[in-house]
Amino acid sequence: LMSELKALYQELILDHNKTPRNFRKMADASKTVEGYNPLCGDHYTIYLKLNGDTVQDISFTGSGCAISKASASVMSSLVKGKTTAEAERLFSMFHQLVTGEMRGEEHLDELGKLAAFSGVSEYPARVKCASLAWHSMKSALETNVATVSTE
């Protein structure tokens with residue numbers, strides 16, 4: 001199963017890096033947060049449009065390594081249309097996954113595509129790349145902070 005997840009990971013990263021979903025500037029965003037990872041230069045802006053406690057729209061712009069871009073793309077796809085509580089729950093699961101607290105293969109039903117990122121936990125330096133967009137999204141939901149750094 002781990003090898004299947006590794007293959008899924010490779011495929012997901014390649015696909016979302018090449019054709020990122022929701023990769024655009026949003027003019028009427030309720031919240032805009034910049035995320036920066038000085039370690040490898042990943043730099044993204046996350047745009048959130050909230051309608052009550054629902055993420056009506058989410059998009060991102062910027063650049064970075066394949067992992068950070070793919071992660072931002074997957075994150076935006078999953079969070080769109082969710083309530084803020086559901087988005088925070090996804091963040092929490094993703095965080096546990098990439099830090100190795102949760103084993104992807106044991107939670108496939110719940111995680112879906114996110115399970116592919118479980119391999120990241122084997123590469124500590126990549127954890128920040130994978131979670132940059134997620135931390136930015138979480139900050140956008142919780143505060144009015146404009147910049148998030150992974151340091």
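Which residue in S2 does Val33 stand opposite? In this predicted model, Val33 faces Ile46 in S2.

Strand S1 covers residues 31-37 and strand S2 covers residues 42-51. They run antiparallel and are paired over 7 bridges. Between them the chain makes a hairpin with 4 residues between the strands. Gly41, in this hairpin, has a positive phi near 80°. S2 also pairs with S3, again in the antiparallel sense, over 9 bridges. One of the facing pairs here is Lys49 with Asp57 in S3. S2 and S3 form a hairpin too, with 2 residues between them. The turn holds Gly52, whose phi is positive, at about 65°.

Asn22 is not a glycine, yet its phi is positive, near 55°. Most residues other than glycine have a negative phi. Asn22 sits in the loop between H1 and S1. Is Asn22 buried or exposed? Its relative accessibility is 16%, so Asn22 counts as buried.

Next comes helix H2. The 14 residues of H2 should span 20 Å at 1.5 Å a residue, and the C-alpha atoms at its ends are 20 Å apart, so the two values agree. H2 is mostly covered, with 11 of its 14 residues buried. The buried residues include Ile67, Ala70, Val74, Met75 and Val79.

In soluble globular proteins, nonpolar side chains tend to be buried together.

Phe117 shows how parts of the chain meet in this region. Setting aside neighbours within four places in sequence, Phe117 is in contact with Tyr9, Leu12 and Ile13, with Ala70, Ser71 and Val74, and with Phe94, Leu97 and Val98.

Charged side chains form another set of links. How many salt bridges are counted? The count comes to 6. One of them joins Lys80 and Asp57, with 3.3 Å from N to O. This pair links distant parts of the chain, 23 residues apart: Lys80 lies in the loop between helix H2 (66-79) and helix H3 (84-98), and Asp57 lies in strand S3 (residues 54-63). Asp57 is buried, with a relative accessible area of 16%, while Lys80 has a relative accessibility of 32% and counts as partly exposed. Arg24 joins Asp57 and Lys80 in a network of salt bridges.

Glu142 and Lys138 form another salt bridge, at 2.6 Å from N to O. Both residues lie in helix H5 (residues 124-142), 4 residues apart, which is about one turn of the helix. Glu142 is partly exposed, with a relative accessible area of 43%. Arg21 and Asp15 also meet in a salt bridge, at 2.7 Å. Arg21 is partly exposed at 27% relative accessibility, and Asp15 is partly exposed at 32%.

The last topic is the cysteines. A disulfide is a covalent bond between the sulfur atoms of two cysteines. How many disulfides does a search of the whole structure find? The search finds 0 disulfides. The closest cysteine sulfur to that of Cys65 is in Cys129, and at 3.8 Å it is too far for a bond. Cys129 is in no disulfide either, and its nearest cysteine sulfur, that of Cys40, is 3.5 Å away. A disulfide requires sulfur atoms within 2.5 Å. Cys65 counts as buried at 17% relative accessibility, and Cys129 is buried with a relative accessible area of 1%.

Methods
Residues numbered from 1 in each chain as written. Predicted model: local features only at pLDDT ≥ 70, side-chain atom pairs only at ≥ 80, totals over all residues. Heavy atoms only, no water. Salt bridge = Lys/Arg side-chain N within 4 Å of Asp/Glu carboxyl O. Buried < 20%, exposed > 50% of the residue type's maximum accessible area, 1.4 Å probe, protein only. Pairing = 2+ DSSP bridges. Contact = heavy atoms within 4.5 Å. Expected span 1.5 Å × (residues − 1).
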